[in-house]
Amino acid sequence: MSAPLTSLDRPNSYIGRSVPRPNAKRLLAGRGRYVSDLRLPRMLYAAFLRSPHAHAKIISIDAGRASALEGVHLVATGADLAKICSPWTGTLDHFKGMISAPQLPLPLDRVVWAGQAVVAVVAESRAIAEDALELIEIDYEDLPIVADIDSAREGGGPLINPGSANNVCFRSQLDNGSVDDAFAHAAHVVEEELSFGRHTAVTLEPRAIVSDYDPSAEMLTVHHATQTPYQFQDLYSRHFGIPEARVRVIATDIGGSFGMKLHVYHEDMAVVGLSILLGRPVKYVADRIESFVSDIHARDHRVRARMALDAKGEILAMDVLDLTAIGAFSTYPRTSVVEGNQVIRLIGAPYRFKNYHATLEVLFQNKVQTSQYRAVGHPIACAVTERLVDMAAAKLGLDPFAIRAQNVIADDAYPQTSPTGYRFEALSHQACLKRLHEMMDYDGLRAEQAELRKGGIYRGIGIAAFVEITNPSPAFYGVGGARISSQDGAIISLTPSGEVRCLISVTEQGQGTEAIISQIVADQLGLAQEHVKVITGDTEVTPHGGATWACRGAGIGGETALQATRALRRNILEIAALILQEQQSALDIIDGEVVDAGTRNQRMPISEIARIAYFRSDTLPPGTQAQLTVSHHFAPQGYPFAFTNGIQGCSLEVDVETGFIKMLKHFIVEDCGRVINPMLVDEQLRGGIVQGLGAALFEECRYSETGQLVNGSLADYLVPMPMEMPDIVIAHVETPTADTELGAKGCGEAGTAAASACVLNAVNDALTPFDATINSIPITPTKILKALKRF
Amino acid sequence: MSGFDRSLLDDADETVRVRFTVNGRKVACEVAPRETLVDCLRNALELTGTHAGCEMGACGACLVQLDGQAVHACLMFAVQADGARIDTIEGLTESGVIADLQAEFHRRNALQCGFCTPGMLVNAHELLSQVTRPSRKDIRDALSGNYCRCTGYEAIVDAIDAVAKARSESGGVT
């Protein structure tokens with residue numbers, strides 16, 4: 001299913017070409033400009049004293065000696081910052097009945113997780129600020145701790161929010177078709193409970209912020225390592241009472257984000273407040289342990305699910321209970337229930353069945369918040385679905401490919417609405433399945449597996465189909481009352497020397513936003529990419545937009561750039577037509593030259609049009625006003641999301657003596673619609689897969705019974721490193737969305753969405769001869785040995 | 001904390017003069033004994049291409065060359081490097097010794113956010129100065145202390161592999 005040819009498929013098109021990122025050379029030379037590198041005149045440094053208790057009352061704080069230390073400018077408590085910052089609440093209107101307590105930069109009288117910032121010190125250096133922390137004395141009185149899902153649900157157990165009836169943040173149900181009936185009459189039922197450990201983003205650059213309040217101008221400038229500068233401009237304006245036009249948020253180079261850097265953090269709000277109190281720039285960079293205890297975590301779900309099938313292996317129904325514990329608050333402004341919501345809505349997504357029931361229960365506990373991190377909910381939904389499909393295949397004696405081929409929604413059956421309410425425009429499961437089968441040499445792998453088993457070598461082969469949510473419309477956050485934009489804006493100019501500048505609201509975290517936007521602009525205008533300069537990440541310069549989250553950069557930002565460029569092109573040709581005394585429709589622009597559309601004969605360079613328009617407008621006909629700057633906004637319409645799909649496969653080996661898993665090879669066939677830059681798409685897939693493999697095999701934030709994070713360092717929290725990771729083979733199917741001219745969908749989460757499901761299925765496949773099963777992620781050697789009853 | 005000894009803070013504040021040759025230029029810095037080399041490079045010398053990722057030698061973002069060998073600048077106090085020759089990503093870039101690695105990383109997009117990249121390049125440079133034609137496994141092993149959250153590593157391995165091949169075909173290490 002290749003895309004039909006359109007004007008985007010010209011032989012010299014930049015669309016679909018693997019060109020390197022223009023802005024990557026600076027990073028290779030060590031000339032990145034990260035917020036952690038920034039130093040401003042009169043800048044001070046903040047450090048935070050953190051709670052050693054998971055739940056405790058603050059009885060008293062004595063900061064006298066800290067305040068007196070040489071080099072200390074300010075010691076601030078919750079009460080000090082509450083005077084200038086209004087509280088925030090992490091709920092959204094469309095999640096009916098959801099609750100969460102109001103939050104402040106620093107707590108007033110109670111701490112709710114170990115690691116929560118309690119007191120801030122601002123000093124002339126970070127070292128002095130940390131010295132001062134040592135001099136602060138806080139008296140706490142321990143409160144009972146809610147440490148996990150089970151204790152959160154316990155009737156009559158401790159409550160996290162005094163005055164609430166229980167620890168439930170949100171409950172939701174989906175019920176479609178006749179589930180009970182389907183299960184009652186099913187030929188086969190498979191059922192499993194799967195658990196997913198907490199893990200976290202572990203960006204290599206920790207969170208970093210420099211807040212600079214200038215009282216003389218009443219202007220707040222925040223250099224903030226974030227994906228979403230406009231969201232923070234709005235929040236700083238509203239919570240600190242500063243007019244929006246006097247708040248500027250600048251997001252320069254960012255050392256990794258993956259969704260983690262778009263949430264409101266208590267320390268960040270505190271730093272903004274501290275700079276307002278002091279009238280000076282204040283810098284805060286989390287150190288690694290602070291990142292582990294205060295960055296959002298993700299996952300932490302336990303899902304009980306069953307699937308009903310008929311005698312031939314046709315899926316009839318699914319019934320799901322997802323329990324997830326999020327922390328003591330729901331994160332602001334996107335909330336902590338989106339992951340669970342996406343889990344219950346994405347389960348079963350690739351398959352054609354009508355009867356679905358799901359319950360979601362989101363619970364509070366005394367840990368740092370969980371919230372949106374790459375592939376929100378997807379890995380859980382995918383692992384639950386794909387594990388049950390494999391269990392069903394085993395029960396029915398079907399091959400994993402065969403049962404999927406039998407049950408996926410047919411490529412020619414779209415549009416379709418899933419039993420969970422998602423509307424799919426066009427997906428390509430059949431094409432992807434077929435391509436993966438060939439690419440893996442599936443039959444060869446199975447033969448090799450059988451042969452090696454005879455010699456006591458246990459290999460596993462796993463596959464996992466997925467659906468990914470991309471290009472979100474206002475249905476995502478806007479309907480819930482969040483001031484998070486789903487539109488993007490671009491301002492594009494022909495400069496006096498005939499080059500093009502594009503200011504755009506989507507932001508760059510290294511995925512190649514600036515590269516693909518310059519490809520689209522160069523392509524649509526008709527000039528070389530090196531003459532296009534793309535500028536991102538500064539609310540005072542770039543127009544308001546959603547920026548980068550939920551895989552919207554290419555699909556929405558790219559379409560914005562495309563439409564803006566087409567408008568500029570029309571304006572350039574309008575002036576060219578006047579100068580050349582031609583019909584506008586008879587002219588085109590190729591490689592920076594206005595040409596006759598029919599013959600392609602060069603008429604004049606666009607730099608000449610720019611020169612005349614800017615410096616010799618007197619030579620244009622009276623009444624002509626050249627518009628060589630165009631601003632344009634684009635919001636997705638049509639389908640609320642552009643769903644994408646794909647399938648992953650992997651081959652691995654389980655050492656049944658040690659429990660170690662060796663990844664041998666990983667495969668993905670992915671359909672993100674129109675591919676703008678294949679190299680960058682492939683890198684998104686590889687990076688996403690490796691994050692998913694980290695989750696599958698290594699990553700887990702482990703807590704003691706007293707709510708202490710026990711592995712908060714990069715030596716203790718295992719991340720995937722080069723020697724453990726396999727080579728990854730990639731293929732594409734292209735089904736462009738018809739909702740935009742560009743036809744691009746997102747690809748950033750596809751890798752993470754299915755990698756852990758794939759590994760889970762492969763490990764269970766490897767363990768088949770032992771009648772041992774794994775139902776918990778990460779799949780550690782201990783869990784393998786326990787399943788084998790060898791530990 | 002009542003037993004805290006204030007004099008410790010005074011000692012910690014007292015600076016020491018250290019001298020290095022950094023990127024071929026002699027420099028002197030006033031550093032506190034507790035200051036790490038990575039902080040000294042980034043703050044006093046404004047060489048911000050060297051990054052601090054984990055502050056415990058696990059991630060490789062702070063790798064620099066010290067007397068010709070890759071070391072973690074976060075695991076060393078600045079005073080310990082007194083008298084040493086230090087080359088950072090800035091110096092290695094200016095001298096051109098890693099130009100082929102940088103070009104190949106660029107061509108293959110073997111980086112995304114770029115935060116791990118200087119450390120990756122320092123380590124790759126060290127590997128290729130020791131082993132002319134490392135296997136892909138050798139390359140992955142050599143990078144086992146360099147954490148990258150963005151790329152999935154394969155393009156990095158490809159880039160180093162390609163440079164090793166090109167260097168050996170052009171008659172050895174440049």
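User: How far apart are the closest N and O atoms in the salt bridge of A:Arg207 with A:Asp268?
Analyst: This is a predicted model, where local features need pLDDT of at least 70, side-chain atom pairs count only at pLDDT 80 or more, and totals for chains, interfaces and linings use all residues. Residues are numbered from 1 along each chain as its sequence is written, chains are lettered from A and ligands numbered from 1 in the order in which they are written, and side-chain values use heavy atoms, leaving out hydrogens and water. A salt bridge here is a side-chain nitrogen of Lys or Arg within 4 Å of a carboxyl oxygen of Asp or Glu. For A:Arg207 and A:Asp268, the closest N and O atoms are apart by 4.0 Å.

User: Which parts of chain A does that pair, A:Arg207 and A:Asp268, tie together?
Analyst: Helices (H or I, at least four residues) and strands (E, at least two) are DSSP runs, numbered from the N terminus. The two residues are 61 apart in sequence, so the pair ties together the loop between β8 (188-200) and β9 (208-214), which holds A:Arg207, and, on the A:Asp268 side, helix α8.

User: Are A:Arg207 and A:Asp268 buried or exposed?
Analyst: Buried means under 20% relative accessible area, exposed over 50%, and partly exposed in between (1.4 Å probe, protein chains only). The two also belong to a network of salt bridges, with A:Arg50, A:Arg126 and A:Glu130 among the other members. Both A:Arg207 and A:Asp268 come out as buried.

User: Which residue forms a salt bridge with A:Asp253?
Analyst: A:Asp253 sits in the loop between β11 (247-250) and α8 (266-278), and its partner is in helix α1 (residues 24-28), 227 residues apart. With the closest N and O atoms 2.9 Å apart, the partner is A:Arg26.

User: What is the relative accessible area of A:Glu582?
Analyst: A:Glu582 forms a salt bridge with A:Arg603, their closest N and O atoms being 2.7 Å apart. A:Arg603 is partly exposed, with a relative accessible area of 32%. A:Glu582 is partly exposed as well, at 30%.

User: Which residue in β5(A) stands opposite A:Ala46?
Analyst: Two strands pair if DSSP finds at least two bridges between them. Strand β1 (residues 44-50) and β5(A) pair in the antiparallel sense over six bridges. On β3 (residues 72-76), which joins β5(A) through four bridges, A:Leu74 stands opposite A:Val122. Opposite A:Ala46 you'll find A:Val122.

User: How many salt bridges are there over all chains?
Analyst: Among them is the one between A:Asp253 and A:Arg26. Over all chains, the count comes to 54.
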